[in-house]
Amino acid sequence: MSDTFTLDGDEIPFESGQTVMQAALAAGHYVPHLCYHPEFRPHGSCKVCTVKVNGRFATSCTLPAQAGLNVESNIDEVNAIRRTLVQMLFAEGNHFCPTCEKSGNCVLQALGYDLGVMTAGFRHLFPDRPVDASHPDILLDFNRCILCELCVRASCEVDGKCVFALAGRGITKHLIVNSESGRLVDTEVDLADKALSVCPVGVILVKRKGFAVPIGERRYDQSPISAQALADAPREPAAPAGRPCSSCEEGS
Amino acid sequence: MSEQVDLNAILDRHPRRPESLLQVLREVQEAAGGIPPGVDAEIAAALNVPLARVRGVAGFYSFLSLEPSGHYRVLFSDNITDRMLGNQELMQAMCGKLWLEPGRTSEDGLASVDFTSCTGMCDQGPAILVNGWAIPRMDGGRVDQVAELVLAQRPLAEWPRELFLVEDNVRRADVLLGHGLQPGDALRAAVARGADHQVEDAANSRSWREANVAAAQGPLATLEEIKRSNLRGRGGAGFTTGFKWEACRNAQGKGRYVVCNADEGEPGTFKDRVLLNSHADLVFEGMTVCAYVIGASQGFLYLRGEYRHLLEPLRETLARRRAVGLLGKSILGQAGFDFDIEIHLGAGAYVCGEESALIESLEGKRGIPRNRPPYPVSHGYLQQPTTVNNVETFCAAALIAVQGGDWYRAIGTAKSAGTKLLSVSGDCARPGIYEYPFGTPVRQVLEDCGAERTLAVQISGPSGICISADEFDRRIAFEDLPTAGAFMVFDNSRDMFEVARNFAQFFAHESCGFCTPCRVGTSMQKEIMDKIARGQGTKYDLDQLGQLDRVLQAASHCGLGHGACNPVLDTLKRFRPAYERRLKALTFQPAFDLDSALAEARRMTGRDDAGAHIRSES
């Protein structure tokens, strides 16, 4: 007999070792998330997947599932926090959806629509973040980075290259690449790398592909992210993720 | 970069493992005034880590710099107590003398002058660090003196010793500061407990003494005393020490570790500085008692970088203890009782006081708090069982090993056993260290330190609580006012808005940046406080401060974010006029009405449905 917890009143079965997020997605229940990706080890930094568990707030992607938990996700109090977090991510970087190649395929933008983010909320910081166009086939536009570390994790765990890393602290934290010059062209990056396909926003872009699919026909133009995220989620219990890299990952 | 660095000599002092990265970087920084170009790649190759990780770690810690920071790097401590003593004027004066701008290295690469978070000298501020070495009691004369030494390019080693003299300022001693123990007393007492205590379940313990049931009785008997004492952690959270030790002792692992958290970064706290300066043997004794109880063979003292001046004296104390058999192999002649202590130096990161971030830092990484569970007692240093305790906790444990749990429990209150060291600073005649039994009212402390016309006291630093005069009968105790030790006094000449603004700047500077709410939220809070300070605030801004608090409380990754809005909320609650008199308008009233601006468009399109209207936000 498998154990269960409740999520917004529904019984969710889980297996030992699953987090609340993994069990919820496997059972066909959407919990909004951004830095969580089923193929990688949970990270727990964006906090968009915050839920209320037995009356206290917790990060559902890293919280181990336990029998009898009372998890509340789709409630006003929690969604208000998620909206503020998405506003914070927009305010922190330089996000101009109308001119962004990723518009329509962007998880941040899709979450903004789905959660009902109607205003800027905060005074935007407009940081100065130069792009790295050094590579002939890949553009890095750091203006849009939300520091989810998916590329860091993919490059270390799957590609085994550790091309990406984080530097700085606090609001000056930023993505860097692993080369003496600090430029992407001098790293081991390759067009086939997993790291190039996981960016939820428009930082890592393959050149000359930006508008191959017209705006209006893109992924989140079809249906909201809450309807699509479940399609990505593995219905089987998550297989152990790739090789953890103790050198590069934060907070693991 | 003004000096060449002998990288091989530094690398030779450390195991060539990734865990050595932070210590190597710190020593390179100290030798060369920065991490010179190219040296980062050499370090990466030698320690077998990606270059980007070297740069990532170097960029995390305030005292490390990949850019040249001058032959002399002068950092002014910027706690509110330093500000109250005039640090900003002194900094301007220093910049004038050295002909440079704050935060910018001089053109000739000679010097830079900047601010840093509280350096733990609040009882003798304003304080500075010069290339990491503390100089307290700055005044106009000392600014001139330091500037002249810098301009004359005198090596730091030749500067007058009295500049670097740090006082203990112990004003009230109780059982801990008046312990009277000699090195080894607590260990001998712990070992002797095995002889007269019969503990039945010794064989169930999973320590390295498993095979030796007779010898295992000392550790268990000592653990029983620690548990009976009701000792709770002195770092602020107040977890019961005995349970922590027991959980660590019983956890499965390849080895166990004892870590002393001497990363005393909470602004206004400086008691650990005094314990490490004058009672280092007691600290190490407590760590060794812990090692004996849990079965650890390696210990670390994580010393904050601001206390660089304590490093060599502490290493000498360790050497003395090794020489007399209180550290090393077979301590006190007990076969298998092997334990030694290594000192790791921090490099300017408040968040490393959080125990899991401290462990990450010990492993040579960026100091990011880990996801918990699992907790350090089972998965700590190198994922092995690890006990992390505060400096003062280890001192108390050593006392309990000698005097017993009942003796200790009789001191203080029912829920807060023992005594607490307070670091008293701010507006009072006698700042310094005061040791009180738990349960002492705030009013008593204020009387003893000579505080007059007191408006407010910040208990336990910015993460703690700000109380006003009608609360001075509250007591220092876990059940009323829990504290890690900071006790900052503000008299009625002070502006509590500026106090809160200083703390908001502190949190924004020290957020590790891992999670969204703290990384962005602390910066937003600082922006709003600065906006109000400029006279541009409205009631909307006060509401937004409340909203930030809710999100940071709910969603932050660690205690830094959870508590980052406390100073603002506490002062808003108790000293609201200090905010409101700065506001441009009490209610937000935009001159521009969005809905009426759409009236023409509605007329033109013939629409008047709900979607053709915009409701004003306030």
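**Confidence and layout**

Reply: Happy to! A stretch to treat with care is residues 199–211 of chain B, where pLDDT stays under 50. The model has 26 contacts beyond four places in sequence for that stretch. Bear in mind that this is a predicted model.

Me: What should I do with a low-pLDDT part like that?

Reply: Where pLDDT is low, the predicted coordinates should not be read in detail.

Me: OK. What does chain B average in pLDDT?

Reply: Chain B averages 93, and 94% of its residues score at least 70. For the model, ipTM is 0.94 and pTM is 0.92.

Me: Which domains does chain B have?

Reply: The domain assignment gives domain 1 (7–60), domain 2 (72–167), domain 3 (185–409), domain 4 (419–494), domain 5 (497–580) and domain 6 (589–618).

Me: And how far apart are the C-alpha centres of domain 1 and domain 6 of chain B?

Reply: Those two centres lie 60 Å apart.

Me: Switching to chain A: do β1(A) and β2(A) pair in the parallel or antiparallel sense?

Reply: Antiparallel, over five bridges, with β1 covering residues 3–7 and β2 covering residues 10–14 of chain A. As an example, A:Asp3 has A:Phe14 in β2(A) as its bridge partner.

Me: What about the turn in that hairpin?

Reply: Two residues sit between the strands β1(A) and β2(A), and A:Asp8 takes a positive phi near 50°.

Me: Which strand do two bridges join to β1(A) in parallel?

Reply: That's β5(A), residues 70–72. There, A:Leu7 stands opposite A:Val71.

Technical notes. Residues numbered from 1 in each chain as written. Chains lettered and ligands numbered in written order. Predicted model: local features only at pLDDT ≥ 70, side-chain atom pairs only at ≥ 80, totals over all residues. Pairing = 2+ DSSP bridges. Helix = DSSP H or I, 4+ residues; strand = E, 2+ residues; numbered from the N terminus. Domains from an automatic or database assignment. pLDDT = per-residue confidence, 0-100. Contact = placed C-beta atoms within 7 Å.
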